[in-house]
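Please look through the sequence and the structure shown below before reading on.

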Amino acid sequence: MRKSVTAVLVVAVLAVLGCFALIQADSGAKDGVKSKEMSEFRQKIKALKKKKIVEALALNKEAADKVLSIIDKYDSKIHESMRSMRDDIKTLKKAIAENKDDAAKKAIIDRITQNRKDLISLKQTEMDELKGILSVDQQARYILFSIDFHMAIRKIMAEKWNNYDNESKGD
């Protein structure tokens, strides 16, 4: 049972990795999208996520406070790790474009690999803490909610980027 939960968690983390790469745009925001706008958008997503988690898991006030506290604790760490990985991916693309030596590319690859491991570890630790609060059914609902929510946000972000691209082509 633990292996299947871990496998689902790893799949969820991989889905989240792709999603957060789109969402976590503080510096270097794409085509005129300001950091402040992205920060406000992230805050709205975070508030919506909290509301939907409470609904999806049918949490009472006390359980909701505990669960959301744990999620908040890990969200900031995940955000920082994703931002670092996003920056490393940009650096890797630049290193390839500039035909940097293998040692330089390997160092970047190693940082990306370590970030991935850190993200999986963070999500596993978060889930381990949530297990102390949530029933098995709620844990299952949380994993599925996380995947569905992040896929929906990813779709919204892709549409938003597409709109910005189309607007910038019209200028």
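Is the crossing of helix 2 and helix 3 left-handed or right-handed? In this predicted model, the crossing of these two helices is right-handed.

## How helix 2 and helix 3 pack

Two packed helices are described by the angle between their axes and the distance between the axes. For helix 2, which covers residues 35–57, and helix 3, which covers residues 61–97, the angle is about 145° and the axes are 11 Å apart.

On the helix 2 side, the residues that take part in this contact are Arg42, Lys46, Lys49, Lys50, Ile53 and Val54, and they meet Ala64, Val67, Leu68, Ile71, Asp72, Asp75 and His79 of helix 3. Sorted by class, the contact consists of six nonpolar, one polar and six charged residues.

## The largest nonpolar core

In soluble globular proteins, nonpolar side chains tend to be buried together. The largest nonpolar core of this model has 33 residues, and those with the most contacts inside it are Ile53, Leu59, Val67, Leu130, Leu134 and Tyr142. Two or more residues of this core come from each of helix 2, helix 3, helix 4 (102–131) and helix 5, and helix 3 gives the largest share, with 12 residues.

Val67 shows how parts of the chain come together, for when residues up to four places away in sequence are not counted, Val67 touches Ile53, Leu59, Leu130, Ile133 and Leu134.

A pair of aromatic rings is described by the distance of the centres and the angle of the planes. A search of the whole structure finds one such pair: Phe145 and Phe149, whose rings are 5.3 Å apart from centre to centre, with 25° between the planes. Because planes under 30 degrees apart count as stacked, this pair of Phe145 and Phe149 is called stacked.

Both residues belong to helix 5 (residues 136–170), where they are four residues apart, or about one turn of the helix. Phe145 has a relative accessible area of 11% and is therefore buried, and Phe149, with 8% relative accessibility, counts as buried too.

Is Lys105 buried or exposed? Lys105, which is found in helix 4, has a relative accessibility of 19%, so this residue counts as buried, given that the cut-off for buried is under 20%. Leaving aside residues up to four places away in sequence, Lys105 touches Leu92, Ala95, Ile96 and Lys100.

Asp137 is found in helix 5 and, at 44% relative accessibility, counts as partly exposed. Although Asp137 and Leu57 are 80 residues apart in sequence, their C-alpha atoms are 8.6 Å apart in space.

Most residues other than glycine have a negative phi, and most peptide bonds are trans.

Key:
Residues numbered from 1 in each chain as written. Predicted model: local features only at pLDDT ≥ 70, side-chain atom pairs only at ≥ 80, totals over all residues. Heavy atoms only, no water. Phe/Tyr/Trp six-rings, centres within 6.5 Å; stacked < 30°, edge-to-face > 60°. Buried < 20%, exposed > 50% of the residue type's maximum accessible area, 1.4 Å probe, protein only. Axes fitted to C-alpha atoms, helices over the stretch in contact; angles between N-to-C directions. Left-handed = near helix turned anticlockwise from the far one by under 90°. Contact = heavy atoms within 4.5 Å. Nonpolar A, V, L, I, M, F, W, Y, C, P; charged D, E, K, R; others polar. Core = buried A, V, L, I, M, F, W, Y, C linked by side-chain atoms within 4.5 Å.
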